[in-house]
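This briefing covers the fold, the overall dimensions, the surface and the aromatic residues of the chain shown below.

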Amino acid sequence: IWTLPTGSLTAGDTVYVKAPTDLDNNVIQIAALGAHQLDGTVSGSAYIESNNGAINFIYVAANLWKIF
């Protein structure tokens with residue numbers, strides 16, 4: 001499990017996560033911790049299941065990450 005930052009964040013901060021070419025049927029889980037929400041779900045998670053898959057997370061407001 002890889003977790004999104006929870007420290008000193010500012011609206012507009014961006015985190016990019018990209019899977020390797022050889023994910024080989026593994027899954028990358030990216031989680032929000034504590035009071036942080038991921039697209040409105042407290043302590044939610046997103047998953048990358050495909051080779052070269054990618055997700056862009058943007059911190060939009062206090063304790064709120066959005067997936068783009």
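A contact here means that heavy atoms lie within 4.5 Å of each other. On that basis, residues 24 or more positions apart account for 57% of the contacts in the chain with a separation of 6 or more. The model is a predicted one, and the points that follow are grouped by topic.

**Fold and dimensions**

- The secondary structure consists of eight strands and zero helices, so that the pattern read along the sequence is β-β-β-β-β-β-β-β.
- With a radius of gyration of 12 Å, close to the 11 Å that the globule rule gives for 68 residues, the chain is as compact as a globular protein of that length.
- Taken along the principal axes, the box filled by the C-alpha atoms of the chain is roughly 35 × 20 × 20 Å.

**Burial and surface**

- Among the 68 residues of the chain, 29% count as buried, where buried means under 20% relative accessible area.
- The chain has an accessible surface of about 4,100 Å², and carbon and sulfur atoms contribute 50% of that surface.

**Aromatic residues**

- The count of aromatic pairs in the chain comes to one, and this pair is formed by tyrosine 59 and tryptophan 65 in an edge-to-face arrangement, with 5.1 Å from centre to centre and 65° between the planes.
- The edge-to-face assignment follows because planes over 60 degrees apart count as such.
- Both partners of the pair, tyrosine 59 and tryptophan 65, are buried.

Terms used: Residues are numbered from 1 along each chain as its sequence is written. This is a predicted model: local features need pLDDT of at least 70, side-chain atom pairs count only at pLDDT 80 or more; totals for chains, interfaces and linings use all residues. Side-chain values use heavy atoms; hydrogens and water are left out. Helices (H or I, at least four residues) and strands (E, at least two) are DSSP runs, numbered from the N terminus. The radius of gyration is taken over C-alpha atoms; the globule rule is 2.2 Å times the number of residues to the power 0.38. Buried means under 20% relative accessible area, exposed over 50%, partly exposed in between (1.4 Å probe, protein chains only). Accessible areas come from the Shrake-Rupley method with a 1.4 Å probe; for residues, only the protein chains shown count as cover. Rings of Phe, Tyr and Trp (its six-membered ring) pair if their centres lie within 6.5 Å; planes under 30 degrees apart count as stacked, over 60 as edge-to-face and the rest as tilted.
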